[in-house]
Structure formats: C-alpha cells, structure tokens
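The following exercises are to be worked with the sequence and the coordinates at hand. Each task is followed by a stepwise solution.

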Amino acid sequence: MAYYDDILEFEPDLNGDGLRVGIVLSRFNIDIGEGLLGTCTERLKEYNVQDPDILLITVPGALEIPATLLKMAYSNQFDVLIALGAVIRGDTYHFEVVANESAR
C-alpha cells in the first residue's frame, strides 16, 4: 500500500499463481463462447494462473450456467468462478426468457 496526500491506496495483488479457477461455458452460440473462452484463458495466463488450476465445464445453454456455478461454489474447490456465454436476441420471446432467467 502506498500513501498519497494522506490517502491510503489499495494496490491489488494480481498474481494468480496457485488460484483455482472454475469456468462454466455455454455450448449454445459456441463460436462466440469459444472466443470468450480464448480471451479469458489468455488473461488468466497473463496473471500466472496455471493450466492445471483451471477446470472448464460446458453446459448446454445459458440457463444451466447459474446452477452449475452454484454447485461449484458449494464444493469449496475454487477461488474464482467465471461464467461465459452469449444470449442473442432473435425473433422470438425465447431471448427474453433466457436473458431474464440467466440474469436472475
């Protein structure tokens, strides 16, 4: 921590070495999902997160992401959980249902 004009500044430790990361990826709209996953894992590696410390779980769609994350959280096996997926607006009401329920 550094002091500037009597203000305490928090300097985060961005070293991810040893962090256990769980990623849940929706297989629906997989082209977009794989792009998100590629960028996500690149960033994790920039912060020294090692491949053996990353667990990827794929699920059919966005609606399954929250339940999977919850189960992973209750396992106490992860320091970080990441959700990846895309819900794309189409011509039906299906988008509204999936987007609203995923956000809830």
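**Exercise 1: The largest pocket**

Task: State which residues lie nearest the centre of the largest pocket, and how its lining divides.

Solution. Step 1: the lining of the largest pocket comprises 13 residues, and nearest its centre lie Phe28, Asn29, Val87, His94 and Val98. A pocket here is an open set of points on a 1 Å grid over the protein atoms alone where a 1.4 Å probe fits, with protein on both sides within 12 Å along at least five of seven lines; lining residues have an atom within 4 Å of a point. The model is predicted: local features need pLDDT of at least 70 and side-chain atom pairs pLDDT 80 or more, while totals for chains, interfaces and linings use all residues. Residues are numbered from 1 along each chain as its sequence is written, and side-chain values use heavy atoms, without hydrogens and water.

Step 2: the lining divides into nine nonpolar residues, three polar and one charged. Ala, Val, Leu, Ile, Met, Phe, Trp, Tyr, Cys and Pro count as nonpolar, Asp, Glu, Lys and Arg as charged, and the others, Gly among them, as polar.

**Exercise 2: The sheet around S3**

Task: Determine the strand order of the sheet and the surroundings of S3.

Solution. Step 1: the open sheet has three strands in the order S4-S3-S5, paired in parallel. Strands are DSSP runs of E with at least two residues, and helices runs of H or I with at least four; two strands pair if DSSP finds at least two bridges between them.

Step 2: S3 (residues 21-26) and S4 (residues 54-59) share six bridges, with leucine 25 opposite threonine 58. From S3 the chain passes through helix H1 (residues 30-46) to S4 in a right-handed β-α-β crossover, that is, clockwise over the helix with the strands pointing away from the viewer.

Step 3: S3 and S5 (residues 80-84) are joined by five bridges; glycine 22 stands opposite leucine 81, and valine 24 has alanine 83 as its bridge partner.

Step 4: six of the six residues of S3 are buried (under 20% relative accessible area; exposed is over 50%, partly exposed in between; 1.4 Å probe, protein chains only). Val21, Ile23 and Leu25 point one way, and Gly22, Val24 and Ser26 the other.

**Exercise 3: A positive phi**

Task: Locate asparagine 29 and characterise its backbone.

Solution. Step 1: asparagine 29 lies in the loop between S3 and H1. Step 2: its phi is positive, about 60°, although asparagine 29 is not a glycine. Step 3: asparagine 29 is partly exposed, at a relative accessible area of 25%.
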